[in-house]
Amino acid sequence: MRHTSKLIFITGLMVGFLSLNVLLNFSSDHLKYFVRDVKHEVKHGLQHVDTGENKSSAANSSHSIRILCWIMTGPKYLESRTKHIRETWAKRCNKVLYMSSIKTDFPTVELNVSEGRENLYWKTIRAFQYIHQHHLDEADWFLKADDDTFVVIENLRYILSKYDTEKPLYLGRRFTPFISQGYMSGGAGYVLSKEALRRYIRGFSSGECTHFSTIEDMALGKCMETMKVQPADSRDTIGRQTFHPYPPDHYLVRQPPRQRPWYLIYDHYTPIEGPGCCSDFVVSFHYIYSVQLYVLEYLTYHLRPYGYKYRFNPDEKTELNTTTKST
């Protein structure tokens, strides 16, 4: 009996030793992988949380900003221009309306205005009246763009996130001549706040605003000034322009000394030519036709350099130069 107990004790001791050895080997070999995996999950989990927490309130709120885009077009441009806008950037608007002189299945809204450059401002007046009557509560901001304009809606939302739509504001590429407070370039596109739209409509109802000129953007700017709608600054935090009345090559390429073209002479702020001309968060370029629309769409939403660390933080606080150009 005593020998049997001793044998059981020795056997149990050996089993315990072997079990402990297996457990220690498992711990040393597998614990490091377990810890590594936990660290990986924690690291990436924290990075995900930090990314959300570090976003500015403006960036967070920009996702909820509703933009109604209305495109000024005509029957002869539906196939060559407007359908390509519908297939590219217009899909990112909260609501999009195509304003024309006739109603079609495209679909277009009939404004009961004849075609022709001399009727562009009438088309603008009637378009805003239609939007005010039928769609005022469906958006916070109201973008007018031509059928040859490319717009990055996400960047526009970001810029607008800094402003209150219930204040009388409008934004675009601010030109200086003819109107005391300036006006926004029609080709680059411009945006009215909800309160600006209300005042614009009220201006025509009261007779304070009239169709006094066929120059659409300047005439609208005059009504904005009359109705005390303020031009807001659409430049980025380091003073680069976001709305552009011409294609990128008109700004990005350095030029030898020369007489500046009219659209730079008209600029409210001192113009910059060359790579520093344009914000990384550009909103628009004008005179962009079918093929170029798809090229800009690709460059904006798909092309990425592998391993590139983005250099510009739009939420970094810097002191913006608010001076206008010398006359």
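This tour moves through the structure one selection at a time.

The model is predicted, so local features need pLDDT of at least 70 and side-chain atom pairs count only at pLDDT 80 or more, while totals for chains, interfaces and linings use all residues. Residues are numbered from 1 along each chain as its sequence is written, and side-chain values use heavy atoms, with hydrogens and water left out.

**The whole protein**

Begin with everything displayed. The protein has 10 helices and 12 strands; helices (H or I, at least four residues) and strands (E, at least two) are DSSP runs numbered from the N terminus. Of its 327 residues, 45% are buried, where buried means under 20% relative accessible area, exposed over 50%, and partly exposed in between (1.4 Å probe, protein chains only). The protein exposes about 18500 Å², of which carbon and sulfur atoms supply 57%; accessible areas come from the Shrake-Rupley method with a 1.4 Å probe, and for residues only the protein chains shown count as cover. Among contacts (heavy atoms within 4.5 Å) between residues at least 6 apart in sequence, 76% join residues at least 24 apart.

**A sheet of three strands**

Next, select β5, β12 and β11. These 3 strands form an open sheet in the order β5-β12-β11, with mixed pairing; two strands pair if DSSP finds at least two bridges between them. β5 (149-151) and β11 (243-244) stand at the edges with a single partner strand each, so one side of each has no neighbour in the sheet. Between β5 and β12 (residues 284-286) the pairing is antiparallel, over 3 bridges. Within this pairing, F150 has F285 in β12 as its bridge partner.

**H244**

Stay with the sheet and select H244, which is placed in strand β11. H244 is buried, with a relative accessible area of 0%. Leaving aside residues up to four places away in sequence, H244 touches R173, A188, Y251, C277, C278, V282, S284, F285 and H286.

**The disulfides**

Two of the residues just named lead to the next stop. C277 and C278 form a disulfide, with their sulfur atoms 2.3 Å apart; a disulfide is a pair of cysteine sulfur atoms within 2.5 Å. The link of C277 and C278 is left-handed, with -90° about the S-S bond, and both cysteines are buried.

Now select C69 and C93, which a disulfide joins (S to S 2.0 Å). The torsion about their S-S bond is about -95°, so this disulfide is left-handed. C69 lies in strand β1 (residues 67-72) and C93 in the loop between α3 (78-87) and β2 (95-100), so the pair ties together parts 24 residues apart in sequence. Both C69 and C93 are buried.

Finally, select C209 and C223, joined by a disulfide (S to S 2.0 Å). Their S-S torsion of about 90° makes this disulfide right-handed. C209 lies in the loop between α6 (194-206) and α7 (216-226), and C223 in helix α7, so the pair ties together parts 14 residues apart in sequence. C209 counts as buried at 4% relative accessibility, and C223 counts as buried at 3%.

The whole structure contains 3 disulfides. With bonded cysteines counted along the chain, they follow the pattern 1-2, 3-4, 5-6.
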